[in-house]
Amino acid sequence: MEIVVFGAGSLGSLVGGLCAREHRVTLVGRDPHIRAVRDSGLHVGGAFDFTVRPAARTDPPPAADLALVTVKAFDTDDAARALADCDLDTVCSLQNGLGNEEALATHLDGVLAGTCTYGARFVEPGRIDCTGIGEVALGTPDGGRSARAERVGRALRAAGIETTVADDMPRRLWKKLAVNAGINPTTALARVENGALAADPLHGIACEAARETARVAREQGIDLGDGEAAAALDAVVGATAANSSSMLQDVRAGRRTEIDAISGAVVDRASSPVPVSQTLAGLVRAWETAER
Ligand SMILES: NC(=O)C1=CN([C@@H]2O[C@H](COP(=O)(O)OP(=O)(O)OC[C@H]3O[C@@H](n4cnc5c(N)ncnc54)[C@H](OP(=O)(O)O)[C@@H]3O)[C@@H](O)[C@H]2O)C=CC1
Ligand SMILES: CC(C)(CO)C(=O)C(=O)O
């Protein structure tokens, strides 16, 4: 299968590197990382230790069977526009946050929704580390089964990526959002690793943000319970206790965060008050305004 990974930073290089062991892969990203991959290949370290030599460029190729989108959520619309001239059969987001599939579908056909719990960290141009083995779940954005999703699932499994083809992607996207809405802004503002959320006061704040997200999901017709959302948050906090959330990494690096697609998405869709999510979103945005 011809696969283009659009947004070959940390996660995109991990997934693209794994796919390159089985498929013809083109990474689309930025120099100097892309130049290093072109010159010396891509080394995937951490939980893996291999080097592959995918094609690497700073603009999309003319065609591919599958595009995996791994830009940050605030770049999704630009990614969709950049891919519009690429002859594609299927596009699959592996991003965090809500709204990515809708943004992609504005410009592209054959869009699938996806979540990813693998962890990836950029080391230096040409090298990334896998910081945690997880899984990819993918399917049609509105739920239900599709031959397109089954094809992509087979291709990712063939590359050794733990993959579930799911018929309930709306629910999965909201459940992942509840986890991110609890963990990401809380750890970023407190400057702590994920494990600090196991104890109060941070545990109470993170759980309430997750429960607010579950309530807004129910307002949107998604059957996601408060207890289930809080339990999912606790499970991820336990499993990634030593990790720095992506939002904490962004804040520490002085980079723009994905707050708008995470807590902002909860606030924008709420038809009842979500004070914790609103406060977390406001505080992170205030930091972005002051510090960036
Ligand atoms: N890293 C991880 O462990 C995980 C990440 N995720 C999610 O995956 C998504 C990606 O995260 P992550 O990999 O960490 O982010 P990164 O910033 O490391 O990777 C995104 C890359 O895409 C590049 N990019 C953006 N727009 C373009 C463009 N138009 N053309 C070429 N390159 C472009 C960025 O370059 P530049 O910055 O210069 O614009 C960057 O190098 C996010 O939604 C994140 O929340 C989900 C699970 C785990
Ligand atoms: C699940 C979690 C919070 C793990 O750190 C994550 O997806 C992130 O950091 O963006």
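Ala, Val, Leu, Ile, Met, Phe, Trp, Tyr, Cys and Pro count here as nonpolar, Asp, Glu, Lys and Arg as charged, and the others, Gly among them, as polar.

## Basis of the model

This is a predicted model, in which local features need pLDDT of at least 70 and side-chain atom pairs count only at pLDDT 80 or more, while totals for chains, interfaces and linings use all residues. Residues are numbered from 1 along each chain as its sequence is written, ligands are numbered from 1 in the order in which they are written, and side-chain values use heavy atoms, leaving out hydrogens and water.

## The shell around ligand 2

With a residue taken as near when one of its heavy atoms lies within 4 Å, the shell around ligand 2 consists of N96, K176, N180, I183, N184, N194, V236, S245 and S246. Two of these residues are nonpolar, six polar and one charged. Helix 6 (residues 169–190) gives the most to this shell, with four residues; helices (H or I, at least four residues) and strands (E, at least two) are DSSP runs, numbered from the N terminus.

Polar contacts are pairs of N or O atoms within 3.5 Å. A polar side-chain atom of S246 lies 2.6 Å from an oxygen atom of ligand 2, while the corresponding distances are 3.0 Å for N194 and 3.1 Å for N184. Taken alone, ligand 2 exposes 280 Å², of which the protein buries 84% (Shrake-Rupley method, 1.4 Å probe).

Terms used:
Polar contact = N/O pair within 3.5 Å; in protein donor to acceptor, adjacent residues only side chain to side chain.
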